[in-house]
Amino acid sequence: GIHRVIVRFYCLCDETSRDQLTRVNGSIGILRRKNDSVSWAHEFLIDKEEIRCIEKELVFGMVYDANKQKLSVYHQRSNAMRLAETTDLTKDDGTMVFAAAFREGSTKTLGNQLSIRACDDDEWSCFLSHTVHEQQ
């Protein structure tokens, strides 16, 4: 079936860094659990220089089609949600689960938060149609 989640990163990290290691706040994607190991089936890096930050909040959506083994990631571009990438995942044994994680340095900043939650069709439609209006 089709599974959808919305992920929010609230990040108080330094936004002026040009060093990619400090610009990347974390990752979202799909983890594969197989036997006693867990690894990324697909990882999308959260680079705050490339993704629109709204008042220190980064918002993403992920759709996983288990029948087609396809993951799509959406994020803020311009003033609306846009498809960032679609990836075909390899068929393999194991359980697939959505995941979101801060990189190690981001966990040291007091106040950083992330949330990930499943959403239904109506919530997903609202997410995709959401626009952000700049305050003057």
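Reader: Leaving aside its neighbours within four places in sequence, with which residues is Arg 32 in contact?

Author: This is a predicted model. Arg 32 belongs to strand β2, which covers residues 24–34. Beyond its neighbours within four places in sequence, Arg 32 is in contact with Ser 37, Val 38, Ser 39, Ala 41, Thr 90, Asp 92, Asp 93, Thr 95 and Met 96.

Reader: Is Arg 32 buried or exposed?

Author: The term buried applies under 20% relative accessible area. Arg 32 has a relative accessibility of 9%, so this residue counts as buried.

Reader: Which backbone oxygen does the side chain of Arg 32 reach?

Author: Thr 90 is among the residues in contact with Arg 32. At a distance of 3.3 Å, the side chain of Arg 32 reaches the backbone oxygen of Thr 90.

Reader: How many residues apart in sequence are the parts tied together by Arg 4 and Asp 121?

Author: The side chains of Arg 4 and Asp 121 form a salt bridge, with N and O 2.6 Å apart. Arg 4 lies in strand β1 (residues 2–10) and Asp 121 in helix α2 (residues 121–129), so the pair ties together parts whose separation in sequence is 117 residues.

Reader: In which strand does Lys 70, the salt-bridge partner of Asp 88, lie?

Author: The closest N and O atoms of Asp 88 and Lys 70 are 2.7 Å apart in their salt bridge. Asp 88 is in strand β6 (residues 80–88), and the pair ties together parts 18 residues apart in sequence, because Lys 70 lies in strand β5 (residues 70–77).

Terms used:
Residues numbered from 1 in each chain as written. Predicted model: local features only at pLDDT ≥ 70, side-chain atom pairs only at ≥ 80, totals over all residues. Heavy atoms only, no water. Helix = DSSP H or I, 4+ residues; strand = E, 2+ residues; numbered from the N terminus. Buried < 20%, exposed > 50% of the residue type's maximum accessible area, 1.4 Å probe, protein only. Polar contact = N/O pair within 3.5 Å; in protein donor to acceptor, adjacent residues only side chain to side chain. Contact = heavy atoms within 4.5 Å. Salt bridge = Lys/Arg side-chain N within 4 Å of Asp/Glu carboxyl O.
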